[in-house]
Amino acid sequence: MPVPPPEPADLADPAELAGTALPADRVGLLEGMTTTRAIRRYTDEPVPPDALRAMLFAASRAMSGSNRQPFRFLVLTDGPRAREAKRLIGTGARAVWNGKRANDGYDAGSGAMADSPKARMARTMEHFVDHFEDVPVLILPCLVRYRDPNPMEGASVYPACQNLLLAARALGYGGAFTGMQHSVDRELRELLHIPSGVFMAGTITIGRPAGRHGPVRRRPLGELVYGEEWEVAPDWAVDPPGTSFTAAGPPKKSPSA
Ligand SMILES: Cc1cc2nc3c(=O)[nH]c(=O)nc-3n(C[C@H](O)[C@H](O)[C@H](O)COP(=O)(O)O)c2cc1C
């Protein structure tokens, strides 16, 4: 039986927080890394300041090139700008999702069967965008650019995003990383005074998970790990007992998909 993670105390007083260690982590590191799902449904429970502090502290300890720490996080909960940012992203995300639903054929083939993985995924996405304004916490991870954009720069912000999601899991919360800020980039910059040299690297939502979430499903290790030659797996690349698998990706457009 897994031990439930500790409940963070609701410490709102900054002076008290400054004298308080991070909550104890009872989800082991490997267990956390191998069981963290994208969580898109939340209860309406707010996330208290000490839990946010722990998540953002974990995020801010991540690696970055030359330890420049170019990552910054806008953490939006329930202030007027937070509400407006959620509204902007929710409106953009609904438009994008409606296009994707049609283009990627979410309602075709197996998508017409209510219990198929494709139909379940469509319902989850629909719920996520329809209730975006209610997400307890919206975090915009940003990268302060110090040179021209290049393919490596994400490596100085995305590890921090993953640390944040893992810390959320360690504390009994859940989150989803998406690119939903993209379609309203200009409006968010205006609202939150984000300078032009700053890259908005994603949209992270955090809250207490609602409903049941199955195991992480990925391809078998041997399909993803190669040894001395491309596409030749080393002997040790075998999954542990009980691993769940999927090839997933966007739904196929063929009628049989
Ligand atoms: C670059 C990137 C973009 C993503 N964009 C979205 C998105 O627009 N909407 C969404 O609901 N999830 C998005 N996700 C979350 C992925 O769908 C999710 O990580 C993946 O399906 C695995 O989910 P699982 O860990 O629950 O199995 C994105 C993840 C990444 C890394």
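**Figure 1. Residues around the ligand.** The shell around the ligand holds Arg37, Ala38, Arg40, Met125, Phe128, Ala176, Phe177, Thr178, Gly179, Met180, Val216 and Arg217. S3 gives the most, with 3 residues. Helices (H or I, at least four residues) and strands (E, at least two) are DSSP runs, numbered from the N terminus. By type, the shell divides into 7 nonpolar, 2 polar and 3 charged residues. Here Ala, Val, Leu, Ile, Met, Phe, Trp, Tyr, Cys and Pro count as nonpolar, Asp, Glu, Lys and Arg as charged, and the others, Gly among them, as polar. The model is predicted: local features need pLDDT of at least 70, side-chain atom pairs count only at pLDDT 80 or more, and totals for chains, interfaces and linings use all residues. Residue numbers start from 1 along each chain as its sequence is written.

**Figure 2. The two domains.** The protein is divided into domain 1 (20-214) and domain 2 (216-257). These bounds come from an automatic or database domain assignment. The centres of domain 1 and domain 2, taken over C-alpha atoms, are 25 Å apart.

**Figure 3. Helix H3 against helix H6.** H3 (residues 49-60) and H6 (residues 158-170) pack at an angle of about 145 degrees. Their axes are 7 Å apart. Axes are lines fitted to C-alpha atoms, for helices over the stretch in contact, and angles run from 0 to 180 degrees between N-to-C directions. The crossing of H3 and H6 is right-handed. A crossing is left-handed if the near helix is turned anticlockwise from the far one by less than a right angle, and right-handed if clockwise. From H3, the contact takes in Ala54, Met55, Leu56, Ala58, Ala59 and Ser60. From H6 come Ala160, Asn163, Leu164, Ala167 and Ala168. The residues of this contact divide into 9 nonpolar, 2 polar and no charged. Two residues are in contact if their C-beta atoms, placed from the backbone, lie within 7 Å.

Figure 4. Arg61 lies in the loop between H3 and strand S1 (71-76). Arg61 counts as exposed because it has 12 C-beta neighbours inside 10 Å. A residue is buried if 20 or more other C-beta atoms lie within 10 Å of its own, exposed if 12 or fewer, and partly exposed in between, with C-beta atoms placed from the backbone. Arg61 and Ala160 are 99 residues apart in sequence. Their C-alpha atoms are 7.3 Å apart in space.

**Figure 5. Gly92 in helix H4.** Gly92 sits in H4 (residues 80-103). With 21 C-beta neighbours inside 10 Å, Gly92 counts as buried. Leaving out residues up to four places away in sequence, Gly92 touches Met180, Ser183 and Val184. Met180 is also one of the residues around the ligand. Gly92 and Val129 are 37 residues apart in sequence and 9.0 Å apart in space, C-alpha to C-alpha.

**Figure 6. Val198 in strand S4.** Val198 lies in S4. Val198 is partly exposed because 16 other C-beta atoms lie within 10 Å. Leaving out residues up to four places away in sequence, Val198 touches Cys142, Leu143, Val144 and Arg145. Pro149 is 49 residues from Val198 along the chain, and their C-alpha atoms are separated by 11 Å.

**Figure 7. Two loop residues with positive phi.** His193 has a positive phi of about 60 degrees, although it is not a glycine. His193 is in the loop between helix H7 (185-192) and strand S4 (198-200). With 8 C-beta neighbours inside 10 Å, His193 counts as exposed. Glu231 is not a glycine, yet has a positive phi of about 65 degrees. Glu231 is found in the loop between helix H8 (221-224) and strand S7 (244-245). Glu231 is exposed, with 8 other C-beta atoms within 10 Å.

**Figure 8. Pro14 in helix H1.** Pro14 is placed in H1 (residues 14-18). Pro14 counts as exposed, with 9 C-beta neighbours inside 10 Å. Pro241 is 227 residues from Pro14 along the chain. The C-alpha atoms of Pro14 and Pro241 are separated by 45 Å.

Methods:
A residue is near a molecule or strand if its C-beta atom, placed from the backbone, lies within 6 Å of it.
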